[in-house]
Amino acid sequence: IRRNELGVLKDIAALAERYDVPLRNTTRADVAPDQAILREAGRGYDLVVLGVSRRPGDVLFFGNTATAVLERSPTSILFVAS
């Protein structure tokens with residue numbers, strides 16, 4: 001994981017603690033991103049927050065990982081674009 005990504009995870013964890021919201025983050029490197037996200041989502045969480053970037057083109061598209069998660073996730077998804 002890159003330094004910036006770890007920093008974001010720490011900031012989110014601090015916010016969750018501040019507002020007394022349970023949070024669990026997981027990092028996987030041994031499986032495709034969409035499969036890892038869907039596996040975790042299937043454990044009964046209320047919300048998956050996924051950072052995305054819009055891909056160029058006429059149709060709104062955030063990439064293959066976001067599309068796969070959106071199509072198959074058993075839970076709510078929040079896409080966050082910077």
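Is Arg 43 buried, exposed or partly exposed, and what is its relative accessible area? Arg 43 is partly exposed, with a relative accessible area of 48%. That value, like the others in this report, comes from a predicted model, so please read it with that in mind.

## A charged network around Glu 40

Side chains of opposite charge can pair when their charged atoms come close. Arg 43 forms a salt bridge with Glu 40, and here the closest N and O atoms are 3.7 Å apart. Through salt bridges with shared partners, Arg 24, Arg 28, Glu 40 and Arg 43 are joined into one network.

| Salt bridge | Closest N and O atoms | Relative accessible area of the Arg |
|---|---|---|
| Arg 24 and Glu 40 | 3.3 Å | Arg 24: 46% |
| Arg 28 and Glu 40 | 3.1 Å | Arg 28: 35% |
| Arg 43 and Glu 40 | 3.7 Å | Arg 43: 48% |

Glu 40 itself is buried, because its relative accessible area is 11% and the cut-off for buried is under 20%. Arg 24, in contrast, counts as partly exposed at 46%, and Arg 28 is partly exposed at 35%.

Where do these residues sit along the chain? Glu 40 forms its salt bridge with Arg 24 at 3.3 Å. This pair links distant parts of the chain, with Glu 40 in helix α2 (residues 33-41) and Arg 24, 16 residues apart from it, in the loop between α1 (3-18) and α2. Glu 40 also forms a salt bridge with Arg 28, at 3.1 Å. That pair, too, links distant parts of the chain: Arg 28 is in the loop between α1 and α2, and the two residues are 12 residues apart.

Now for the strands. β1 (residues 47-52) and β2 (residues 76-81) pair in the parallel sense over six bridges. Together with helix α3 (residues 64-72), β1 and β2 make a right-handed β-α-β unit. Within the pairing, Leu 47 has Ser 76 of β2 as its bridge partner, while Leu 50 stands opposite Phe 79 in β2.

In a regular strand the side chains alternate between the two faces of the sheet. Strand β1 has a covered face made up of Val 48, Leu 50 and Val 52. Its uncovered face holds Leu 47, Val 49 and Gly 51.

Which residues make the nonpolar surface patch? The patch is made by Leu 47, Val 49, Leu 78 and Val 80, and its area is about 340 Å². Both β1 and β2 contribute, each supplying at least two residues. Val 80, one of the patch residues, lies in strand β2. With a relative accessible area of 42%, Val 80 is partly exposed. That is enough for a place in the patch, because patch residues need over 30% relative accessible area.

For Ser 73, a polar side-chain atom lies 3.2 Å from the backbone oxygen of Thr 75. For Thr 75, a polar side-chain atom lies 2.7 Å from the backbone oxygen of Tyr 45.

The loop between α2 and β1 holds Gly 44. At 60% relative accessibility, Gly 44 counts as exposed, because the cut-off for exposed is over 50%. Gly 44 and Asn 4 are 40 residues apart in sequence, and their C-alpha atoms are 28 Å apart in space.

Conventions:
Residues numbered from 1 in each chain as written. Predicted model: local features only at pLDDT ≥ 70, side-chain atom pairs only at ≥ 80, totals over all residues. Heavy atoms only, no water. Buried < 20%, exposed > 50% of the residue type's maximum accessible area, 1.4 Å probe, protein only. Helix = DSSP H or I, 4+ residues; strand = E, 2+ residues; numbered from the N terminus. Pairing = 2+ DSSP bridges. Right-handed = clockwise from strand over helix to strand, strands pointing away. Patch = residues over 30% accessible without salt bridge, like charges linked within 9 Å, V, L, I, M, F, W, Y side chains within 5 Å. Areas by Shrake-Rupley, 256 points an atom, 1.4 Å probe, with all protein chains shown as cover. Salt bridge = Lys/Arg side-chain N within 4 Å of Asp/Glu carboxyl O. Polar contact = N/O pair within 3.5 Å; in protein donor to acceptor, adjacent residues only side chain to side chain.
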